[in-house]
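Subject: A structure for you to look at

Hi there,

Here is the structure I promised to pass on. Have a look at it first, and then read my notes below.

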Amino acid sequence: MWYFQNAKDLSDVFTYVHLIAYFAISVANALLLLLISLKFLQIMQQSGYEGFGYFKWLRRRDNVYLTRLATLSMLSLLAFLIFNIIFAFADGAWVFYIGFVFYVMFSLNYYRADKKRKKKIPLIRTARMNRLITVYFFLLLLLTFGSLILLNVIAFYARANTLLVRIRFAPICIMPFGVPIFLLLAYYITKPFERSIQKKYIKKCTQKLKDRADLIKIGITGSYGKTSVKMFLRTILEEKYNVLATQGSYNTPMGICKSVKRLKSEHQIFIAEMGARHVGDISELAKIVEPNYAIINGITGQHLETFGTLSAIKQTKYELVENMKEGVVAYTVDSENTVSLFEDCKLKCIPAGLNKELASVYATDIKTGESGTDFELHIYEKSIRCHTNLIGAHNVSNICLAVAIANELGLTLPEISAGISRLTAVEHRLSVSKTPAGVTIIDDSYNSNSRGFEVALETLSYFNGRKIVITPGMVELGAVEDMENYLLGKKLAKACDIAVLVGRSAIFTIKSGLVENGFNPDKIIQASTLEQAMKKLQDVIKEGDVILFENDLPDKFS
């Protein structure tokens, strides 16, 4: 402490050697904080780099990561204080710094423990993530260095208090607790720059599509079934055209831009899936693509948390039509919310689905089972018998939507039927497989909403054998989430023999619905993770069982 006691002014405290030491400590601390921030960076990425989604995860009442950070900070602080009190007799700079050893040890243990935790979707080092990490690292560096300078200034003016001088670096030990907010600050610092980058890519993508005057462009939206309809339409259209569709579930501006990069001169049709979480999202996508044709599938309260009302969701989906000056729109008649949007549509609108009283393209005589589905397809006055390996009437409804556009683009009945025969289930969307042990797996783990869950349970009913449903329930339903999961439990009680409830979010409301509808509590299995659930199931699974995986929540809900 001699340099505080003998210091005449701050220049004696902040010597060249001291500043180098503080900078080295700052670099080391920034790296340490970066290591324990990996989970938070992963959640930011899974939230689509949206501050709202990330902040919502932070506020979750079952967020154990905030508790762990608080524990890490408190243990580090206590160890630092205790060490400096024990060695109160010692002098020299080493005493102040060696207290950080415990802080480093606890932080590295936190990092190792988190690294061992299995992640469904690991952190992906994209260009955007690398930019965020770089800004975040320098922010941590500046915060640490600034804190060290400030703490030394305070100690200088309070140098008569020996204890205060000795423990002046203690606040550094509680910096881990600020990690979630530090990252949020870095996100907002980079946001304007990221927006400028996105605008550049979007402008380039929009112009590339504009330059292709010969290109047929199709937009697809809805609360559910977007990806399935897109893949069905692409397969059917490939009977006649060279088709490019957005990859996987890419349905954001940047997702469409990535897909357009693959657009070549030989492509005749471009199909863009369009998703939304906020009012105006579909309008933004429609202005990029400028579709000639559009499909609107069923509308539910999916993402009600961000939209606020069902009316806002409906209006947002209809933005696709509002941004079309001319063209053709196919819409499902199997969703009342969708049908109500088309009372005053000025474009050519084609109702399609299973309700032949309302639809121009529809299916009758549907026979579905474990081996697939047969049905009579009607396109206005024409009809043809079709077969698909897909299971369930919901798939036929989606097929009708795709067929409505295919027919407008000049495909013949035989070409349409041939395309339907080649359809395969989209991965993680009610895809069916069988294990060597004779257990049937129905994988509907991509996501879920009330309508999707009903469809999954309907599909489950087509199979013989003992029925097992594994689910964490539904999320992002806003104020109605608990009620929807309770009602889901009541439906599960009639549809399965064993219910496996995973996680923390909704299992108690689902369980209430199950039990109140007469389900045997002994047939309910609860697990914190999917891996734990599968281990518990090993003792009860037997040949002939049918297992439905419904909605595998991403890490931000786990």
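Some background before you go on. This is a predicted model, in which local features need pLDDT of at least 70 and side-chain atom pairs count only at pLDDT 80 or more, while totals for chains, interfaces and linings use all residues. Residues are numbered from 1 along each chain as its sequence is written, and side-chain values use heavy atoms, with hydrogens and water left out.

Next, the salt bridges (a side-chain nitrogen of Lys or Arg within 4 Å of a carboxyl oxygen of Asp or Glu). The structure holds 12 of them. In one, between Arg131 and Glu194, the closest N and O atoms are 2.8 Å apart. Arg131 lies in helix α9 (residues 127-157) and Glu194 in helix α11 (residues 179-210), so this pair ties together parts that are 63 residues apart in sequence. Helices here are DSSP runs of H or I with at least four residues, and strands are runs of E with at least two, numbered from the N terminus.

Are these two partners buried or exposed? Buried means under 20% relative accessible area, exposed means over 50%, and partly exposed is in between (1.4 Å probe, protein chains only). Glu194 is buried because its relative accessible area is 4%, whereas Arg131, at 26%, is partly exposed.

Another salt bridge joins Glu239 and Arg422, again with closest N and O atoms 2.8 Å apart. The two sit 183 residues apart, Glu239 in the loop between α12 (226-237) and β2 (243-245), and Arg422 in the loop between α19 (413-421) and β10 (431-434).

Finally, the aromatic rings. Rings of Phe, Tyr and Trp (its six-membered ring) pair if their centres lie within 6.5 Å; planes under 30 degrees apart count as stacked, over 60 as edge-to-face and the rest as tilted. That gives 13 aromatic pairs. One of them is Tyr187 with Tyr188, edge-to-face at 4.8 Å centre to centre with 65° between the planes. Tyr187 is buried at 3%, while Tyr188 is partly exposed at 45%. Elsewhere, Tyr22, Phe80, Phe100, Tyr103 and Phe169 form one aromatic cluster.

Enjoy exploring!
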